[in-house]
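Dear colleague,

I am passing on the structure that we spoke about, and below it you will find my notes on what turned up in it. Please read them with the coordinates open beside you.

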Amino acid sequence: IFHRVVETLDDGRPFVVQVGDPTGTGAGGPGFNIDLEKSDLLHDFGIVSMARSGDPNSGGSQFFICLSREGTSFLDGNYTGFGECV
């Protein structure tokens with residue numbers, strides 16, 4: 001279930017769709033946290049990256065898929081990109 005769909009930011013730039021919550025509400029997770037890992041993968045169209053709360057070491061089962069470089073470049077270095085949808 002894609003529980004968070006932010007097609008565009010307020011300025012019209014495409015942003016992200018988020019999935020991976022076992023409850024489908026956006027509040028669920030695996031019951032443990034994953035520390036932020038350094039990644040040189042730039043947030044661009046199709047990049048898969050770990051979602052988290054405000055705490056950089058709070059990743060779990062949720063992840064997001066980037067919808068554009070223009071709307072997600074500010075996430076570089078702050079979130080762990082780990083894959084790419086083709």
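This is a predicted model: local features need pLDDT of at least 70, side-chain atom pairs count only at pLDDT 80 or more; totals for chains, interfaces and linings use all residues.

Residues are numbered from 1 along each chain as its sequence is written, and side-chain values use heavy atoms, with hydrogens and water left out.

The overall picture

The protein has 1 helix and 5 strands, and from the N terminus the order of these elements is β-β-β-β-α-β. Its radius of gyration, taken over C-alpha atoms, is 12 Å, close to the 12 Å that the globule rule (2.2 Å times the number of residues to the power 0.38) gives for 86 residues, so the protein is as compact as a globular protein of that length. The C-alpha trace spans about 35 × 25 × 25 Å along the principal axes. Of the 86 residues, 34% count as buried, where buried means under 20% relative accessible area, exposed means over 50%, and partly exposed lies in between, with a 1.4 Å probe and protein chains only. As for charge, there are 5 positive side chains (Lys and Arg) and 12 negative ones (Asp and Glu), His and the chain ends not being counted; the centres of the two sets lie 4 Å apart, with each charge placed at NZ of Lys, CZ of Arg, CG of Asp or CD of Glu.

In soluble globular proteins, nonpolar side chains tend to be buried together. V16 is in contact (heavy atoms within 4.5 Å) with several residues beyond its neighbours within four places in sequence, among them V5, F64, C66 and T72.

V19 is buried, with a relative accessible area of 12%, and, residues up to four places away in sequence aside, V19 touches I1, F2, H3, S61, Q62 and F63. F2, which lies in the segment before β1 (4–8), counts as partly exposed at 49% relative accessibility, and with the same exclusion F2 touches V17, Q18, V19 and I65.

The loop between β2 and β3

G24 is found in the loop between β2 (14–19) and β3 (47–50) and counts as partly exposed at 22% relative accessibility. Not counting residues up to four places away in sequence, G24 touches I1 and H3, while its C-alpha atom is separated by 9.2 Å from that of R4, 20 residues apart along the chain. L42 is also found in the loop between β2 and β3 and, at 47% relative accessibility, counts as partly exposed. Neighbours within four places in sequence aside, L42 is in contact with I47, R69 and D76.

Conventions
Helices (H or I, at least four residues) and strands (E, at least two) are DSSP runs, numbered from the N terminus.
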